[in-house]
Amino acid sequence: MAEIELDLFLRVRKFSRWAVALAIVGSFLFAQFIESSGNTWQVAVALVALAIGIPHGALDHLVTLPKSAPLKMAGFIAIYVAVAVLAVFAILTWNVAGFIVVVIMSAVHFGIGDAAFISEIDRRSVDPKLFPRYIYAIAAGALPVIVPLVSDKSSAALQRVNPNLLNWNHGISNDLLLWTMLFTGFALLRLIQKRRDAEAIDLVLLYLLAVTALPLVAFAVYFGCWHAMRHTARLTLVLPRSQKAFAEGNSGKAFLGAIWPGLPALVGTFVVSALIIVFRRDSISDQFLWITLVVVWALTVPHMAVTARLDRKALS
């Protein structure tokens, strides 16, 4: 069964690479059009990406407590939701401070998740080369988060999301970019030294996406087509329905089995976002992206804590 699991992981990796590569080429080809157009279409792309990515984080209860009694499961879900609600309140109350915490949290979560995905590939490969996983994790997390946010194109995106975030880094954009690039260069050297060419290619693609695509587009492609897809592949290793499909030799069914249970959370996230806007008496057209991002970021707080166990198992 390890062979069919490996085949799925490699196909997901190829998909995420092609998605990023197409976004990079598209950014070059349509640079003139993008610069001269509004940002409404970018908001639409970001919302589509959120829709693609949300289900991957909605199965934490099944992963953490796969065979628990209903009462124990209900308690877990209640605590999970309570943490997310507190996080929503905190981010809406302290926009900038909350955003800084989200940036740090996202970089850590994305980087560790990507390193864990690659470690699962190594676990099923024959004689894999030594993988400097933590060095890779720092670079792989910082590139898609820090670089787009400190570019000169980020102001328009932040203005559209929430104007309060425009000066979120308090003028240290160049410093953040410099340290990200220095560490990425160091990570690339270590990967090449260890003959981890595939991981070096991944970092180069993430760098090119971050510097060529507009921030909202870069986020959309990374979150929906890279992080979410790779995390979903990892979920197939622990979900009974997906494991059964693997045993039947059907990797496609295994992957879909890690998506369908999360679809109700997708609907719920957008409904909750709309209700928050109505309660706050805001404009849906102006606030929907911001509030949806807040809800997703808030859900990431318990999600990151719960998936730490899965990450630790993969990286050990």
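Analyst: The largest pocket has a volume of about 1,100 Å³. Its lining counts 50 residues, and the closest to the pocket centre are Val295, Val296, Trp297, Leu299 and Thr300. On a 1 Å grid over the protein atoms alone, a pocket is an open set of points with protein on both sides within 12 Å along at least five of seven lines, a cavity is a set where a 1.4 Å probe fits but cannot get out, and lining residues have an atom within 4 Å of a point. This is a predicted model, in which local features need pLDDT of at least 70 and side-chain atom pairs count only at pLDDT 80 or more, while totals for chains, interfaces and linings use all residues. Residues are numbered from 1 along each chain as its sequence is written, and side-chain values use heavy atoms, with hydrogens and water left out.

User: Which helix gives the most to the lining of the largest pocket?

Analyst: Helix H15, residues 284–315, gives the most, with eight residues. Helices are DSSP runs (H or I, at least four residues), numbered from the N terminus.

User: And what about cavities?

Analyst: There is one cavity of 30 Å³ or more. The largest cavity has a volume of about 50 Å³. Helix H6 (95–123) and helix H11 (215–235) each give two or more residues to its lining, and H11 has the largest share, six residues.

Terms used:
Points joined across faces, edges and corners; volume = space filled by probe spheres on them.
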